[in-house]
Amino acid sequence: MFSRSLYRLRNLSRHNGHSFYNSSSYFKHSALITAFQPLLHNKPYATTTQHAASTSSLNQTELAKFAAIAESWWDAEGPFKPLHVMNPTRLAFIRSTLCRHFGKDPFSVRPFEGLKFVDVGCGGGILSEPLARMGASVTGIDAVDKNIKIARLHADLDPVASSIEYQCTTAENLVEEQKKFDAVIALEVIEHVADPAEFCKSLSALTVSNGATVISTINRSMRAYATAIVAAEYILHWLPKGTHEWSSFLTPEELVMTLQRASISVEEMAGFAYNPLTGQWSLSDDVGVNFIAFGIKNSE
Ligand SMILES: C[S@@+](CC[C@H](N)C(=O)[O-])C[C@H]1O[C@@H](n2cnc3c(N)ncnc32)[C@H](O)[C@@H]1O
Ligand SMILES: [Mg+2]
């Protein structure tokens, strides 16, 4: 069922060959970006909040954005609605790729039984909880203490989710503690960290040899600027204004290269397509805006 919608790595150039559109120098000087400059620099968030001790991946301004709306994590109509609505689609990708990789039955109720996952930048646990219900032994970490408190409270409402270990920390702190996981998952986080390359190195160091990494983010494309920022934040109000900095987005090629340098080979990629008629997302070959990648840690 996936073979149609999955974006294979060999197709990268076909789908993302618009080097003109993906050139950051083009965008820095584009008339459109200049016209929207006030929006790009609108930062309506306070910058003081309680979070993990300062380490390389932390961007204080970004963390303050999430602390400011932490109470809303489980409000399915609130600022995290897009993540709630996308959840079944991203879980379908994770189920498919990880079951294939770990030789598990994708039709099983608890296919991830016996596997250790870490959900990096777990927020309120929107992804950690279903992963735990699918049998994984889940550690959820987030740099914002408030997020972890909310994640803990919510998980404790469910006997299965209450097995999740939540911790206010960073990937690099877990590396120092020499923690290792079968799968390292960081969805919608890399565009909010201070140094994506260092962040990927930490994710890699947390992954066992031949383990899996799953990352989702937003493409630094013209279309992403128009939809994920202008439409989602300023027209539709799906997300608070200033949630995303266009310049922090990564193109699929950049993500592949960054992971490659961190000893992770991207094997599969898919885009997320939004259907405005149904309000649902589905996996697609189109990685022009939102996309997700699955990679394998090279054996040492
Ligand atoms: C858009 S949310 C994504 C939440 C969750 N991964 C999901 O997709 O449902 C980004 C999360 O990453 C966290 N975060 C940002 N930078 C981080 C870092 N350097 N280390 C750990 N967490 C971070 C934020 O606090 C926030 O909860
Ligand atoms: Mg984001």
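A residue is buried when its relative accessible area is under 20%, exposed when over 50%, and partly exposed in between (1.4 Å probe, protein chains only). By that definition His 192, at 8%, is buried. This is a predicted model: local features need pLDDT of at least 70, side-chain atom pairs count only at pLDDT 80 or more, and totals for chains, interfaces and linings use all residues. Residues are numbered from 1 along each chain as its sequence is written, chains are lettered from A and ligands numbered from 1 in the order written, and side-chain values use heavy atoms, without hydrogens and water.

**Metal site**

- Glu 191 (OE), His 192 (NE2) and His 244 (NE2) coordinate the magnesium ion (ligand 2) at 2.1 to 2.3 Å.
- Donors here are N, O and S atoms within 2.8 Å of the metal (3.2 Å for Na, K and Ca); water is not among the atoms, so sites may look incomplete.
- Along the chain, the donors of this ion have the spacing E-H-x51-H.
- Glu 191 is buried, with a relative accessible area of 3%.

**Strands around S3**

- Helices (H or I, at least four residues) and strands (E, at least two) are DSSP runs, numbered from the N terminus.
- Strand S3 spans residues 137-142, and five of its six residues are buried.
- Two strands pair if DSSP finds at least two bridges between them.
- S3 pairs in the parallel sense with strand S2 (residues 116-120) over five bridges.
- Val 120 has Ile 141 in S3 as its bridge partner.
- S3 also pairs with strand S4 (residues 165-168), in the parallel sense, over four bridges.
- Thr 139 stands opposite Glu 165 in S4.

**Crossovers**

- From S3, the chain crosses through helix H9 (residues 145-155) to S4 in a right-handed β-α-β crossover.
- Right-handed means that, with the strands pointing away from the viewer, the path from the first strand over the helix to the second runs clockwise.
- S2, helix H8 (residues 128-133) and S3 make a right-handed β-α-β unit.
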